[in-house]
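Dear colleague,

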Amino acid sequence: MSAPKDTAAPAIAPAKTGNVAGATGEPCEEFGAGPCSMVIFGASGDLARRKLMPSLYRLFRHKLLPDGFFVIGSSRTKYSDDTFRKEIYSALRSEAGFDELEWIEFAKKIFYSPVVYGDPASYSGLKKLLIEKDRAFSANGSCIFYLATPPSAYPEIVSSMGAYGLNDALKGWRRLVVEKPYGRDLESARDLSSIIYKNFSEESVYRIDHYLGKDTVQNIMMLRFANSIFEPIWNRRYVDHIQITVAETIGVEKRAGYYEQSGIVRDMFQNHMLQVLSIVAMEPPSIFESDLVSDERVKVMRALRPLSGADIKDSLVAGQYAGGESNGGVVKAYIEEDGVAPDSRTATFAALKVYIDNWRWQGVPIYMRSGKRMKSKFSQVKIQFRGIPHRMFRETIKTEIGPNALILRIQPDERVQLKFHTKSPGSRMCLRDVVMDFPYLEGYKGLALDAYERVLLDCMSGDKMLFVRSDGLELSWAFLAPAIEALEAKNDAAPDVHLYRAGTWGPAEADGFINRDGRRWGNYTGA
């Protein structure tokens, strides 16, 4: 039987909340989805309590959930409706703006049905409850199934859903949301896709990457394609290099079991880093439409210069955090974390240099860096432009004139900064560096959605702009395979995994890695 398709056109109801153009800082026009429901598998887990249910509650508070919406939690834990509601209440009550009366109304939309993931017969209660509540809430038969479980449970949940007909919509639509990691390599990603495609069509599958839901990531496209001053210089003629950094101050926390099998390249580069790169480097689509934007992002993946096994040591620096100080306290080394092998070579830091072999970016190096237990938590894209072609001020200004840069800060303080030079006031002829700084939320009076709120709304409305398509996913795994294989090799060809003290910017070798090209990392120094 072929997988049912998501053929229903999204029921979009415009709900104007302010100035459509947003030019005055008023809220832009928002759109709501048609009636639908959501089933969260793994509802007793951390992701549902910390991210999904709080996001749904905030959408409810701001009246952004569609009419007739309800949510069913499902997991192996044998909760009743009331017990599950109490669990969610305890997770939400510390929310800023939490209101008891609003909670009472929101709780009326929350239900629970236990399942055994690999036992299709146990899904009978879930299907019965879904049909019953769909009628009661007039949800039109449309439902989102969200996999918030460990990835090992994905195949059996999807297969059981198909065996019991939960994937079939007699009316409305069915959509499947899959959290990362989507496989652990190209082969396992394809195996998972094969199972999913037996039960859902590609247009019904939403592979979530919450990084793409961040407003500042989306703003990269707006900055480039809605302003005539940036796109003409967004190419190899004017750009010297690009840096993409995602730095974290936390360690592996309670995820050592996962991290030992994953490492930083699988955890961060395969999804967040390469997806951000695809948006930074993409060509302009003919129209801002989901499939066309995805086409251009995939073209970037296809144009990535393959990582050669022979040259991998010149393209990659790996590190692992040792003990040190972080977040105001003394922290232990990675190999001292619970669940980590004492001789582990798992990388908690990596810096990777890549090239895009196309007309726009030929010869422009792109440096990507991510690590845990680093000095500051920040994510940003730095576009560094070429230096001036001729030093006409060489007789009056003896100091080196550095390059200009455009910095797109994704977190923690979302902003756009343009660094350039100007004359210092006074009689002497000397330069000073200045920054034109735009805090992203400055002057905006509307509602700012977080990443999960945004992607949940997009799932409901059928907008796949911020989700990962299967061909892009497979290309990212194929591209990173040589780096992953090299790091996991147990021979002399494997790159060294350098120790770095917690609370620093990573191993010294990462500085040397970029310094030898005559460049240096752009680190976070605050707003």
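Three elements, β8 (205–208), α8 (256–281) and α12 (470–488), each supply at least two residues of the lining of the largest cavity. Here helices (H or I, at least four residues) and strands (E, at least two) are DSSP runs, numbered from the N terminus. The largest share of that lining, 3 residues, belongs to α8.

The model is predicted, with local features requiring pLDDT of at least 70 and side-chain atom pairs counting only at pLDDT 80 or more, while totals for chains, interfaces and linings use all residues. Residues are numbered from 1 along each chain as its sequence is written, and side-chain values use heavy atoms, with hydrogens and water left out.

Cavities

The structure holds 3 cavities of 30 Å³ or more. A cavity is a set of points, on a 1 Å grid over the protein atoms alone, where a 1.4 Å probe fits but cannot get out; lining residues have an atom within 4 Å of a point. Grid points are joined across faces, edges and corners, and a volume is the space filled by probe spheres set on the points.

For the second largest cavity the volume is about 70 Å³. Its lining is formed by Q275, S278, S294, R297, V298, M301, F467, V468, R469 and G472. Two or more of these residues come from each of α8, α9 (290–303) and β19 (467–468), and α9 gives the most, with 4 residues. The lining divides into 4 nonpolar, 4 polar and 2 charged residues.

Helix packing

How do α1 and α3 lie relative to each other? The axes of α1 (residues 46–61) and α3 (residues 100–107) come within 11 Å and cross at roughly 110 degrees; the two helices are therefore roughly perpendicular to each other. Axes are lines fitted to C-alpha atoms, for helices over the stretch in contact, and angles run from 0 to 180 degrees between N-to-C directions. Angles under 35 degrees count as roughly parallel, over 145 as roughly antiparallel, 65 to 115 as roughly perpendicular and the rest as oblique.

On the α1 side, the contact (heavy atoms within 4.5 Å) involves M53, L56, Y57, F60 and R61, and on the α3 side E102, W103, E105 and F106. These residues divide into 6 nonpolar, no polar and 3 charged.

Salt bridges

The whole structure contains 26 salt bridges, each a side-chain nitrogen of Lys or Arg within 4 Å of a carboxyl oxygen of Asp or Glu. One of them pairs R255 with D267 (3.6 Å, N to O). R255 lies in the loop between β9 (239–247) and α8, and D267 in helix α8, 12 residues apart.

Backbone

Most residues other than glycine have a negative phi, and most peptide bonds are trans. K180 and P181 are joined by a cis peptide bond, with omega about 0 degrees; P181 belongs to the loop between β7 (174–178) and α6 (186–197). Another cis peptide bond joins Q411 and P412, with omega about 5 degrees, and P412 is in the loop between β16 (405–411) and β17 (415–423). K63, which is not a glycine, has a positive phi of about 60 degrees.

Yours sincerely

Notes
On a 1 Å grid over the protein atoms alone, a cavity is a set of points where a 1.4 Å probe fits but cannot get out, and a pocket is an open set with protein on both sides within 12 Å along at least five of seven lines; lining residues have an atom within 4 Å of a point. Ala, Val, Leu, Ile, Met, Phe, Trp, Tyr, Cys and Pro count as nonpolar, Asp, Glu, Lys and Arg as charged, and the others, Gly among them, as polar.
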